[in-house]
Amino acid sequence: LKDPEIRLHYEEERTKSEIAAAVKAARKRAGLTQEQLAKKIGTSQSVIARLESGSDSRTPSLALLARIASACDAKLEFGFKFAG
């Protein structure tokens with residue numbers, strides 16, 4: 001991971017995986033199926049499934065994540081972590 005380009009790609013993929021896990025956990029904690037969540041935020045079940053799988057090549061928008069958080073009665077948080 002010393003190559004900056006490889007490291008950036010790795011970090012993007014890791015972040016997508018973390019987002020996928022967070023969305024799935026929030027949906028389950030809210031007691032919603034993928035279809036129920038999709039209806040609440042105005043999208044399709046397949047969008048939720050792709051998002052939760054982490055296999056979508058696109059990174060979800062903050063607007064989409066905020067709608068998901070709201071539908072799950074949660075609060076979207078964002079931050080940076082610094083080394084050292």
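Q: What are the numbers of nonpolar, polar and charged residues in the lining of the largest pocket?
A: In this predicted model, the lining of the largest pocket divides into 13 nonpolar, 3 polar and 6 charged residues. Ala, Val, Leu, Ile, Met, Phe, Trp, Tyr, Cys and Pro count as nonpolar, Asp, Glu, Lys and Arg as charged, and the others, Gly among them, as polar. Local features need pLDDT of at least 70 and side-chain atom pairs 80 or more, whereas totals for chains, interfaces and linings use all residues. Residues are numbered from 1 along each chain as its sequence is written, and side-chain values use heavy atoms, without hydrogens and water.

Q: How much space lies in the largest pocket, and which of its lining residues are closest to its centre?
A: The space is about 900 Å³. Glu18, Ile19, Glu77, Phe78 and Gly79 are the closest to the centre among the 22 lining residues.

Q: Which helix gives the most to the lining of the largest pocket?
A: Helix H1 does, with 8 residues. Helix H1 (4-29) and helix H4 (62-71) each supply at least two.

Q: What makes up the lining of the second largest pocket?
A: This pocket holds about 180 Å³ of space and is lined by 13 residues, with Leu51, Asp56, Arg58, Thr59 and Pro60 nearest its centre. H1 and H3 are the elements that give two or more residues to this lining, and the largest share, 3 residues, comes from H3. By class, the lining has 5 nonpolar, 4 polar and 4 charged residues.

Q: Why is H2 called roughly perpendicular to H3?
A: Helix H2 (residues 34-41) and helix H3 (residues 45-53) pack at an angle of about 115°, with axes 8 Å apart. H2 is therefore roughly perpendicular to H3, a term that covers 65 to 115 degrees. The crossing of H2 past H3 is right-handed.

Q: Which residues make the contact of H2 with H3?
A: Gln34, Glu35, Leu37, Ala38 and Ile41 of H2 make it with Gln45, Ile48, Ala49 and Glu52 of H3, where contact means heavy atoms within 4.5 Å. By class, these residues are 5 nonpolar, 2 polar and 2 charged.

Q: Which residues of H1 meet which of H3?
A: Ile19, Ala20, Val23, Lys24 and Arg27 in H1 meet Ile48, Leu51, Glu52 and Ser53 in H3. This contact has 5 nonpolar, 1 polar and 3 charged residues.

Methods:
Axes are lines fitted to C-alpha atoms, for helices over the stretch in contact, and angles run from 0 to 180 degrees between N-to-C directions. Helices (H or I, at least four residues) and strands (E, at least two) are DSSP runs, numbered from the N terminus. Angles under 35 degrees count as roughly parallel, over 145 as roughly antiparallel, 65 to 115 as roughly perpendicular and the rest as oblique. A crossing is left-handed if the near helix is turned anticlockwise from the far one by less than a right angle, and right-handed if clockwise. On a 1 Å grid over the protein atoms alone, a cavity is a set of points where a 1.4 Å probe fits but cannot get out, and a pocket is an open set with protein on both sides within 12 Å along at least five of seven lines; lining residues have an atom within 4 Å of a point. Grid points are joined across faces, edges and corners, and a volume is the space filled by probe spheres set on the points.
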